[in-house]
Amino acid sequence: MGAGGADRSARRRGRLLLAGLLAVVGLILLLLGLTVARGTVAGIELVLALLLLVASYAIQRVARRETVYRDPGRR
């Protein structure tokens, strides 16, 4: 693996780490919004949790797409 491959791999790992953190925070907010919070705060937490989960999914998808659709000559 060349310097470009190592850089790409590190970028992919970073994106997957960020996606994982967003997913964990989103799930915690979702749990709090459904169990503890009441009223407007619960609604805000649920919307924020859903946004974080969707962002996490999008980041994971980008990281996977870079791996699947990379140049076949570089494998």
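Residues are numbered from 1 along each chain as its sequence is written, and side-chain values use heavy atoms, with hydrogens and water left out. Because the model is predicted, local features need pLDDT of at least 70 and side-chain atom pairs count only at pLDDT 80 or more, while totals for chains, interfaces and linings use all residues.

Q: Why is Val 54 called exposed?
A: Exposed means over 50% relative accessible area, buried under 20%, and partly exposed in between, with a 1.4 Å probe and protein chains only. Val 54 has 55% relative accessibility, and therefore counts as exposed. This residue is found in helix α2 (residues 39-68), where helices are DSSP runs of H or I with at least four residues, numbered from the N terminus.

Q: What makes the pair Arg 11 and Asp 7 a salt bridge?
A: The term requires a side-chain nitrogen of Lys or Arg within 4 Å of a carboxyl oxygen of Asp or Glu. The N to O distance between Arg 11 and Asp 7 is 3.5 Å, and the structure holds 1 salt bridge.

Q: Why are Arg 11 and Asp 7 separated by about one helical turn?
A: The two residues are 4 apart in helix α1 (residues 3-35), which means a separation of about one helical turn. Arg 11, with a relative accessible area of 37%, is partly exposed, and Asp 7, at 45%, is likewise partly exposed.

Q: How do you know whether Ser 56 is buried or exposed?
A: The relative accessibility of Ser 56 is 2%, so this residue counts as buried. Ser 56 lies in helix α2, and its side chain reaches the backbone oxygen of Ala 19 at 2.7 Å.

Q: Which residues does Ser 56 touch, not counting those up to four places away in sequence?
A: With contact taken as heavy atoms within 4.5 Å, Ser 56 touches Ala 19, Leu 22 and Ala 23 on that count.

Q: What is the nearest side chain of opposite charge to Glu 45, and how far away is it?
A: Arg 38 is the nearest such side chain, at 9.7 Å, and Glu 45 is buried yet has no salt bridge; for charge, Lys and Arg count as positive and Asp and Glu as negative, whereas His and the chain ends are not counted.

Definitions and conventions. A polar contact is a pair of N or O atoms within 3.5 Å; within protein, one must be able to donate a hydrogen and the other to accept it, and residues adjacent in sequence count only if both atoms are side-chain atoms.
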